[in-house]
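Keep the picture open as you read.

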Amino acid sequence: QLQLVESGGGLVQPGGSLRLSCAASGFTLDYYAMGWFRQAPGKEREGVSCISRDGGSTNLADSVKGRFTISRDNAKNTVYLQMNSLKAEDTAAYYCAAVKSPLYGSCTVRGRVYDYWGQGTQVTVSS
């Protein structure tokens, strides 16, 4: 069974950091570009970041540039989202997603192209 499982969410104070992980089971992430998305209550889903299949290309939403970093460890079948300098407006459920991708391709934060999604992990930034 193909599955993506996010972890690492929680409650953090403004200015703090969290690292989210997205572990795949049932398939290897080597063939997939990966994305992180978030959705706050009452708001539309937002693409946060993505990373290409080989890790050579990444994208970040303007709202998180300079604060978030995406990375992947294909040997561990895991993708990460390092979030620093967190703000209250970063509060949301965070989801990872996978889309099959050609080698040396790029990635996109358009959620509609992604095939597999995790169940999400909640991030709450509050004092």
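Rings of Phe, Tyr and Trp (its six-membered ring) pair if their centres lie within 6.5 Å; planes under 30 degrees apart count as stacked, over 60 as edge-to-face and the rest as tilted. With that rule, a search of the whole structure finds six aromatic pairs. Two of them are shown here:

| Pair | Centre to centre | Angle between planes | Type |
|---|---|---|---|
| Tyr32 and Tyr116 | 6.0 Å | 65° | edge-to-face |
| Phe37 and Tyr114 | 5.2 Å | 75° | edge-to-face |

This is a predicted model: local features need pLDDT of at least 70, side-chain atom pairs count only at pLDDT 80 or more, and totals for chains, interfaces and linings use all residues. Residues are numbered from 1 along each chain as its sequence is written, and side-chain values use heavy atoms, leaving out hydrogens and water.

Tyr32 in strand β4 and Tyr116 in strand β10 (residues 116-117) are 84 residues apart, while Phe37 in strand β4 and Tyr114 in the loop between β9 (92-100) and β10 are 77 residues apart. Strands here are DSSP runs (E, at least two residues), numbered from the N terminus.

Tyr32 is buried at 7% relative accessibility, whereas Tyr116 is partly exposed at 31%. Buried means under 20% relative accessible area, exposed over 50%, and partly exposed in between (1.4 Å probe, protein chains only).

Strand β4 (residues 32-39) also holds Trp36, which is buried with a relative accessible area of 0%.

How values were computed. Helices (H or I, at least four residues) and strands (E, at least two) are DSSP runs, numbered from the N terminus.
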